[in-house]
Amino acid sequence: MPTKSPSEEVPAGPSGEVPARGKRADAQRNRQTLLTAAAAVFVTSGVDAPIREIAARAGVGMGTIYRHFPTRADLVVAVYRHQVEACAEAGPSLLAGADSPLVALRQWVDLFVDFLVTKHGLANALQSDSSGFDALHSYFLDRLVPVCAQLLDAAAGAGQIRTGTQAYELMRGIGNLCIGRDSDSRYDPRRLVELLLDGLQRPQSS
């Protein structure tokens, strides 16, 4: 029998099926696809959007979604964590690739507002599990406050914004501006958030 190379150490099943590690990778990719689709649907249609709408966007059957997320609360929590991680990972990437730290901060805040629009329906979806919601809120702060602080420090260090603004208070302020968006189509929090960011900028010398 031929010997296996080191990269083939994981044994195949008795019927020659794909090794468990490959299956796990495929399952993780499928899960990420579902979460991305669900997040997009939640932004436009809210967390009570029909599961069939999410399935259609992801290009899968409804049964696939229920296998990964047996209840709507499971799906909403997973989307919440997925978006927190996306926001956290975006900060350093934007800072490295944007034209300036201020541009990176504005781009990140735009992503953060997208996240908040989705997050507003979470409390209702998890109303029977307040302890679970508290844990998610702590997770949200632990992951995102340091990222926001990094962006603020970089913009302040470049002389583009005023010093002294704390990441938590900025995020809290943005969150307060986003309240009411779902119930009033005439209200666009992005315009107010833009004014808030304009207020952080240092006056340009003439």
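Tutor: Helices (H or I, at least four residues) and strands (E, at least two) are taken here as DSSP runs, numbered from the N terminus. On that basis, the elements of the protein run α-α-α-α-α-α-α-α-α from the N terminus on, that is, nine helices and zero strands. The model is a predicted one, in which local features need pLDDT of at least 70 and side-chain atom pairs count only at pLDDT 80 or more, whereas totals for chains, interfaces and linings use all residues. Residues are numbered from 1 along each chain as its sequence is written, and side-chain values use heavy atoms, with hydrogens and water left out.

A salt bridge is defined as a side-chain nitrogen of Lys or Arg within 4 Å of a carboxyl oxygen of Asp or Glu. In general, side chains of opposite charge can pair when their charged atoms come close. Six salt bridges are counted by this rule.

One of them joins the side chains of Arg-106 and Asp-198, with an N to O distance of 2.7 Å. Because Arg-106 belongs to helix α5 (residues 101-119) and Asp-198 to helix α9 (residues 189-200), this pair ties together parts that are 92 residues apart in sequence. The relative accessible area of Asp-198 is 36%, which makes Asp-198 partly exposed; the classes are buried (under 20% relative accessible area), exposed (over 50%) and partly exposed (in between), with a 1.4 Å probe and protein chains only. Arg-106 and Asp-198 also belong, with Glu-194, to a network of salt bridges.

Another salt bridge is that of Arg-190 with Asp-110, whose closest N and O atoms are 2.3 Å apart. Here Arg-190 is in helix α9 and Asp-110 in helix α5, so parts 80 residues apart in sequence are tied together. Both partners are partly exposed: Arg-190 has a relative accessibility of 30%, and Asp-110 one of 39%.

Arg-186 and Asp-184 form a further salt bridge, their closest N and O atoms lying 3.1 Å apart. Arg-186 is exposed, at a relative accessible area of 76%, whereas Asp-184 is partly exposed, at 25%.

As to the setting of these pairs, buried residues make up 32% of the 206 residues in the protein. Of the contacts with a separation of 6 or more, 66% are between residues 24 or more positions apart, a contact being heavy atoms within 4.5 Å.
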